Amino acid sequence: MKKIRGIILFLVLICVGAAVFCGGVSAEETKTFVDDVGREITLPATIDAVSPSGPLAQIVLYSFNPDLLVSISSKYSADQEKYIDARVLALPVTGQFYGSKSTMNAEEIMELNKKLHIDVVLDVGEAKSTMKTDLDNMQATTGVPFAFVTQNKLNDIPQSYLTLGTLLGNETRGKELSTYVSDLLKEFDTGMAKVGTNKVSMIYVTGVDGNSVHLIGSGENSYHGEVINYLADNLAGPAVTGSGLGDEYTMEDILSMNPDYIIVAYTADHAYYNDILNGEMWQSLSAVKNGNVYEAPYGPYSWMGGPPSVQRLLSMIWLGNLFYPDVFNYNVEDNVKEFYSLFFRYDLSDSDYDQLTIYAKNDSSANSTQTPVPLAGILVGLCAASVFAIAKRR
């Protein structure tokens, strides 16, 4: 009997050795990860093929390592393309899992997985009550692991990158990004403590249509307005809708608010910005009179959000210095270039920066592009020409 057992054990060892030698799957080739809704997931030990579940995950994953992307949730716009790696621009679209624009289809994921060999589908954002069940069902249907990482509020960002470092097998990169964000948030906490109750007032305009104006709302539950509410006195009322477009107000409402600053959402033709600068009803506002109307930079995403992710830190860098230059006394351009290099892997040139911030600067060169040539200047020119002509005749 002992001889038979010895033979069996010998054969088992040979089989195991053969499996390892021939590349068979072993326990060491997988790892277990617990995501931020408590789901225990079995993943490949080495992850190099990740699909994002939506726009927010796409931003975060790209900032971590664009080389991991094997699909994108949606195509990049023409305004975004110059900042994005050419390989990523050509990737197939797998759609969005959550939200009103949900298009992610289990069958399509299964079909694409045959070609892409997806290691994990990454979902990033705010944990919903049904998320654990939703992700379990999608994972069971497709056979592809789904993992969720929380990144909702600004204070979630540092931990989200540490979690991604563990999930994606690159703790060094995760710590690098986490440390940068933590240090920046600490700097702003210190600075805003100095500002105290002396905050400037502002509104963030996301749409203008005649007498209808859309603003991002205030309040602790205003996900899209978090940076605004942190840096300034947001004169808009508490957010009613969770939409990135915000809530609707009338021009009468805006006139009664009379903010110190007006920040305007970017459009390719700068339509909202021009409407405010040139619209008759806007001219009585202090912000317009004082030249404190600015369009939020855009590229590859709006610095103000849309969706609200790590790029919101750019709006903090920009607005902190714009509102409180004595407190946040740094070179905005240098800080922005550092951010683009670290998070977007894009070396921002001087001309890139000037183009991004063409309507976002408070210096004289920017102001010269913001406002039409004043009537007084035209009259002075005409008078000078007349004097010259009379002198010549004499």
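Reader: How many bridges join strand 1 to strand 2 (residues 40-44)?
Author: Happy to start there! The two strands (DSSP runs of E, at least two residues, numbered from the N terminus) run antiparallel. Thr32 stands opposite Thr42 in strand 2. The number of bridges joining strand 1 to strand 2 is five.

Author: A word on the basis: this is a predicted model, where local features need pLDDT of at least 70, side-chain atom pairs count only at pLDDT 80 or more, and totals for chains, interfaces and linings use all residues. Residues are numbered from 1 along each chain as its sequence is written, and side-chain values use heavy atoms, leaving out hydrogens and water.

Reader: Which residue in the turn between strand 1 and strand 2 has a positive phi?
Author: The two strands form a hairpin, with five residues between them. A phi of about 80 degrees belongs to Gly38.

Reader: How far from Asp123 is the nearest side chain of opposite charge?
Author: Asp123, found in strand 4 (residues 120-125), is buried (under 20% relative accessible area, 1.4 Å probe, protein chains only). Asp123 has no salt bridge (a side-chain nitrogen of Lys or Arg within 4 Å of a carboxyl oxygen of Asp or Glu). The side chain in question is Lys128, and its distance is 6.3 Å.

Conventions
Helices (H or I, at least four residues) and strands (E, at least two) are DSSP runs, numbered from the N terminus. Buried means under 20% relative accessible area, exposed over 50%, partly exposed in between (1.4 Å probe, protein chains only). Lys and Arg count as positive and Asp and Glu as negative; His and the chain ends are not counted. Two strands pair if DSSP finds at least two bridges between them.
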